[in-house]
Amino acid sequence: MEIEVAKRLQLTEEYYFSKKLREIDEMNKNGAQVINLGIGSPDLPPHPEVIKTLQEQAALPNTHGYQSYKGIPVLRQAMTDWYRRYYQVELNPNTEILPLIGSKEGIVHICMTYLQEGDKALIPNPGYPAYASAVRISGATIEPYQLSADNYWLPDLEELEQSDLQDVKLMWINYPHMPTGTLANSIFFERIIAFGKKHNILICHDNPYSFILNEHPQSIMAVEGAMETAIELNSLSKSSNMAGWRIGMLIANEQRIGEILRFKSNMDSGTFYPLQMAAAKALSLDKSWYTQLNEEYKLRRVKVFELMDLLNCKYDPNQVGLFVWAKIPATYQDSYQLADEILYKAHVFITPGGIFGSAGEQYIRISLCAQTAVYELAINRIKESLGL
């Protein structure tokens, strides 16, 4: 008996990492002991007070029931205070913040709320693959827009205005950008908000990396008029080492929060109460938490730069975020060839830039989510296996 999958999934492939991790698992079963430098899953724990809060709340007898779809007031207030303290953005905790089960779910919620067949969505190339997947599942059409190092990995808005934008309903942007580590400034955010207003396009800003190796976190919502034209997603996965806890947030005006809730409330329930209380504690930490976190990432980045130099890859030393993005030498056909050579010969997994779109095919990405000793081991393996 064969039941065909729905059309929305027929062009949606399994996530690259899902397939590759299965292959790596088979290699490890055969003794390979692959070093995984591909995925940005923080290996460090949250602050001890965050864990303590979770433990204390989970031990109480009355914290285990269903929770509101909109999150508890304590968490929404903590998110409001966090945005005021670090982004200089004033929000209404009752109407302009929606806690999420991780910000990745927000990508799907937004696309399913606003897109359908006949609509188009602008997607960055290179960019996070989840944007394209969510647009495809919604039934809308993907319209990739090219990013390049020549334009500092920012969208060329003048070029976009020469294209047909008639059916474009929303645009995904992501700064600090993943995978390239590029920062955007307030001038760019002002321009993209003006672009969205002019063409009646909803600007969706995915902002999970703003604290990593970055002294000045920015939010698109700091731009005047952004609340009319933009939605922002944010997350505690990277900034608070809480990736598996699945705590994110969506920032938008009251009308859009209500519209997205119409979809979200049919898909899931509220987050476990102790998790919400622990997240509120994480959001209340002072700047010393981020400073300490980034001191560790700086040490790791030095080792990743060393590894990139070993592979003769070129990179921008000023990039931020949880990864290092680098251009591969011309001796390789594409990023997949280099990544597979390193995997099969040195048993080190790095991410081929091609998974982020055609504009990333000549680049590789290495995660900062490993101890410095692990990078040392990877460097030594690569030296020995490739004779460098």
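Predicted model: local features only at pLDDT ≥ 70, side-chain atom pairs only at ≥ 80, totals over all residues.
Which residues of helix 4 are buried?

View 1. Residues are numbered from 1 along each chain as its sequence is written, and side-chain values use heavy atoms, with hydrogens and water left out. Helices (H or I, at least four residues) and strands (E, at least two) are DSSP runs, numbered from the N terminus. Helix 4 (residues 73-87) comprises 15 residues and reaches 20 Å from its first C-alpha to its last, close to the 21 Å expected at 1.5 Å a residue; the expected span is 1.5 Å times one less than the number of residues. Its buried residues are Leu75, Arg76, Ala78, Met79, Thr80, Trp82, Tyr83, Tyr86 and Tyr87 (buried: under 20% relative accessible area; exposed: over 50%; partly exposed: in between; 1.4 Å probe, protein chains only). These buried residues pack against strand 2 (97-100), strand 7 (230-235), strand 8 (248-251), helix 11 (273-283) and helix 12 (287-310), contact meaning heavy atoms within 4.5 Å. Gln88, with a positive phi near 55°, follows helix 4.

**View 2. The salt bridge between Arg84 and Glu90.** A salt bridge is a side-chain nitrogen of Lys or Arg within 4 Å of a carboxyl oxygen of Asp or Glu. The closest N and O atoms of Arg84 and Glu90 are 3.1 Å apart. Arg84 is partly exposed, at 34% relative accessible area, whereas Glu90 is exposed, at 56%.

**View 3. The salt bridge between Lys169 and Asp119.** Here the closest N and O atoms are 3.6 Å apart. The pair links distant parts of the chain, 50 residues apart: Lys169 lies in strand 5 (residues 168-173), and Asp119 in the loop between helix 5 (103-114) and strand 3 (120-125). Lys169 is partly exposed at 33% relative accessibility, while Asp119 is buried at 13%.

**View 4. Further salt bridges.** Lys264 and Asp268 meet through their side chains at 3.0 Å, N to O, and both residues are buried. Lys20, Glu23 and Asp340 are linked in a network of salt bridges. The whole structure contains 18 salt bridges.

View 5. Two bridges join strand 9 to strand 10 (residues 323-327) in the antiparallel sense, and Lys327 in strand 10 is the bridge partner of Lys314.

Notes: Pairing = 2+ DSSP bridges.
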